[in-house]
Each structure stands twice: as C-alpha cells, then as structure tokens.
Amino acid sequence: MKLNILLTGGAGYIGSHIAHLLIDKGHSVVIIDNLITGNKRLIPKKAKLHVCDIADKIKVSKIIKKQKFDLVMHFAGLIRVDESIKKPKKYITYNFRKSKIFFKICFENNLSKLIFSSTASIYGNVKSKALESDKKKPINPYALSKLKTENFIIQQSNIKPISYIIL
C-alpha cells in the first residue's frame, strides 16, 4: 500500500535517510524543512520540499490541506547537546514549542497518525540498556526538549484520537 507521508526535517541526516527509504519502498514523501541545519542535497529527487518553519501556521496548514497525508513523521529539531547547554531556551523553543505548534496544526487538519523521533537521553546516563519503563531523567536541555514533546503527544492522545509511535 502506497502511503502519502509528510516528513519534517527531511534535509537532515536521519530524516533524509528515512525519506530515501520511504521513496525506495514506493511511498510518496513531502518534506518540510527550514534548512537551518539540513542540506537540500540530501533530499531525494522524488520528494517534494517545502522550505518553511514547522511553526508557520499558514504555510503548514496549506501544505496539509493541499494533500491528504496518511502519516506525519517528525524528525525536525536541533540536536547538539553542547549547544543546548549554552542556549537552553533555543532548544525548548525549537524542539518543544515549535513541535507543539506543528502537531496542533496537524491535529486541527485531521492528520492524527504520527511518528516522533525522540532520544534515549531522556533517561539520563544509563549504564546498560534503557527501558521505556525506566524513570525519565533528562540531564540536558536537548533531552528535556524531547521529553516535553513526548509528554505533549501522550497528553493529546488522551483527549484526541491520535495514533503515535515515539522512537
């Protein structure tokens, strides 16, 4: 079954690899990326790129309304732990607040199936294998921003019919 997928952060390392894999599997991929850390050259030629911020309510709403997406995969975000320690507000803004706005736009437009790329660092410095049942102990602003986004998704799923996977 061919899916029509909206992928954020598709010009980044992980997002671009996912985009290539999805296209190789026959799916249609539309990418939203602001290109702050991504690179256009990483995007598959068969993917459609929209250069915009995920928190741009007008542009994102138009993209979602223009096509019927089966799923959104959210890989956009800042990833440098060292920078997050120096600029924690920036990481909370980009990784949590903008993601929250983006997801609200998705939900308002009936795009309610999502995959979110989080991080194992929400569990802190784990000595062995982290389990989902482990206590969450983010030790830097990057991990905290991801955990806050996870919590938002879970909270929304308790009040809206949302299907999600958190990686």
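**View 1. Helix H4 passes helix H5 in a right-handed crossing.** Right-handed means that the near helix is turned clockwise from the far one by less than a right angle. This is a predicted model, where local features need pLDDT of at least 70, side-chain atom pairs count only at pLDDT 80 or more, and totals for chains, interfaces and linings use all residues. Residues are numbered from 1 along each chain as its sequence is written, and side-chain values use heavy atoms, with hydrogens and water left out. H4 (residues 88-108) and H5 (residues 141-157) pack at about 20 degrees with axes 8 Å apart. That angle makes H4 roughly parallel to H5 (angles under 35 degrees count as roughly parallel). Contact means heavy atoms within 4.5 Å; among the residues making it are Tyr91 and Phe103 of H4 and Leu144 and Phe152 of H5.

**View 2. Now look at where H2 meets H4.** The axes of H2 (residues 57-66) and H4 come within 10 Å and cross at roughly 40 degrees, and this crossing is right-handed as well. Lys57, Val60, Ser61 and Ile64 of H2 touch Ile101, Phe102, Ile105 and Cys106 of H4.

**View 3. Here is the largest pocket, with a volume of about 530 Å³.** A pocket is an open set of points on a 1 Å grid over the protein atoms alone, where a 1.4 Å probe fits, with protein on both sides within 12 Å along at least five of seven lines; lining residues have an atom within 4 Å of a point. Of the 28 lining residues, Thr37, Phe75, Ala76, Gly77 and Ile79 are the closest to the pocket's centre.

Conventions. Axes are lines fitted to C-alpha atoms, for helices over the stretch in contact, and angles run from 0 to 180 degrees between N-to-C directions. Helices (H or I, at least four residues) and strands (E, at least two) are DSSP runs, numbered from the N terminus. Angles under 35 degrees count as roughly parallel, over 145 as roughly antiparallel, 65 to 115 as roughly perpendicular and the rest as oblique. Grid points are joined across faces, edges and corners, and a volume is the space filled by probe spheres set on the points.
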